[in-house]
Amino acid sequence: MNKFLKILLIGFLSLACSSLVYAERIVLEGSTTVLPIAQKIAEVFMQRNKNAEVIVRGGGSGVGIASLIDGNCDIANSSRSIKDTEIQKAMSRKVEPKAHVIAMDGIAVVVHPSNPIKGLSKKQIKDIYTGKISDWSLLGGEKGKIVVISRDTASGTYEAFNELALSKAKVRRDALMQASNQAVASTVAKTPQAIGYVGLAYLSDSVKAIEVEGVPPKKETVLANKYPISRPLFMYTNGTPRGLVKEFIDFIKSPVGQKLVEEIGYVGLK
């Protein structure tokens, strides 16, 4: 290779590297419930926008909102509404959290597939999670201690379940606190006497979703507002989104984005 071609090659590589450095990038962080949506949408969005880089991190809704307030991410994924204390903290730092509802979800109560229980009332669920009921035989099941699985307190799913199903009562001390929806589903799948709760996208044949107040957790009952443990899923931005962040939010809400939301297992906006 002669000297002239080497110079051209070096120049071309420098230009290519420069374009990669200056590619637009956005960072999403937060809820593990919203995580499957964020990951899938990011994958398709980057296929359509070759200069865009979308980084997706989990950690829980509280972690995501804290990251937005600290300026460490562009979009906070959350499976609960932002708290008043978080809004006050954001305002003190001149951050203006703006909510974008991107899907609906039902928090499914799940047991091991071998468990004969088909459904529970909200009161029975509350009694289990607060320690008033500790044996499946008191609910019509086979005798055996109930193993209670819950999300950790940084989780938006924990906050939503605590409010919608437990009326903000304290969860029993011996509950096994898990860091993600997948961890809850995996633990219940391996524990015949366990009970847990997960977002709709984490249902599989390895766990059994039971009825709550006689209503099964599925798309139709969430849309009809009949399933009693339903909730919206959010993405928060700092103020009205602009640029690549706006394009990303718009894409999620588009017909293509909402189709992807439903393919993942959540309920699209109507």
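Two strands are said to pair if DSSP finds at least two bridges between them, and the legends below, which describe a predicted model, begin with strands joined in this way.

**View 1. Strand S11 and its pairing with strand S3.** Strand S3, spanning residues 75-78, pairs with S11 in the antiparallel sense, and four bridges are found between them. Within this pairing, isoleucine 75 has threonine 237 of S11 as its bridge partner. Strand S11 itself covers residues 230-238, and because seven of its nine residues are buried, the strand is largely enclosed by the rest of the structure.

**View 2. Strand S11 and its pairing with strand S4.** S4 and S11 also run antiparallel, and here nine bridges join them.

**View 3. The largest nonpolar core.** In soluble globular proteins, nonpolar side chains tend to be buried together. In this model the largest nonpolar core has 66 residues, and the members that touch the most others are Ile37, Tyr129, Phe161, Ile195, Met235 and Phe248. Strand S4, residues 97-111, gives the most to this core, contributing seven residues.

View 4. When residues up to four places away in sequence are not counted, isoleucine 37 touches Ile102 and Ala103, together with Leu233, Val261, Ile264 and Tyr266.

**View 5. Packing of helix H9 against helix H10.** Two packed helices are described by the angle between their axes and the distance between the axes. For helix H9 (residues 243-253) and helix H10 (residues 255-264), the angle is about 65° and the axes lie 4 Å apart. Phe251, Ile252 and Lys253 make the contact on the H9 side, while Pro255, Val256, Gly257, Gln258 and Leu260 make it on the H10 side. Sorted by class, the residues of this contact are five nonpolar, two polar and one charged.

**View 6. The whole chain, for orientation among the close-ups.** The protein chain contains 10 helices and 11 strands, and its C-alpha trace spans about 85 × 45 × 35 Å along the principal axes. Of its 270 residues, 47% are buried, and the accessible surface comes to about 13,600 Å², with 54% of that area belonging to carbon and sulfur atoms. Among contacts between residues at least 6 apart in sequence, 74% join residues at least 24 apart.

Definitions and conventions. Residues numbered from 1 in each chain as written. Predicted model: local features only at pLDDT ≥ 70, side-chain atom pairs only at ≥ 80, totals over all residues. Heavy atoms only, no water. Axes fitted to C-alpha atoms, helices over the stretch in contact; angles between N-to-C directions. Helix = DSSP H or I, 4+ residues; strand = E, 2+ residues; numbered from the N terminus. Contact = heavy atoms within 4.5 Å. Nonpolar A, V, L, I, M, F, W, Y, C, P; charged D, E, K, R; others polar. Core = buried A, V, L, I, M, F, W, Y, C linked by side-chain atoms within 4.5 Å. Buried < 20%, exposed > 50% of the residue type's maximum accessible area, 1.4 Å probe, protein only. Areas by Shrake-Rupley, 256 points an atom, 1.4 Å probe, with all protein chains shown as cover.
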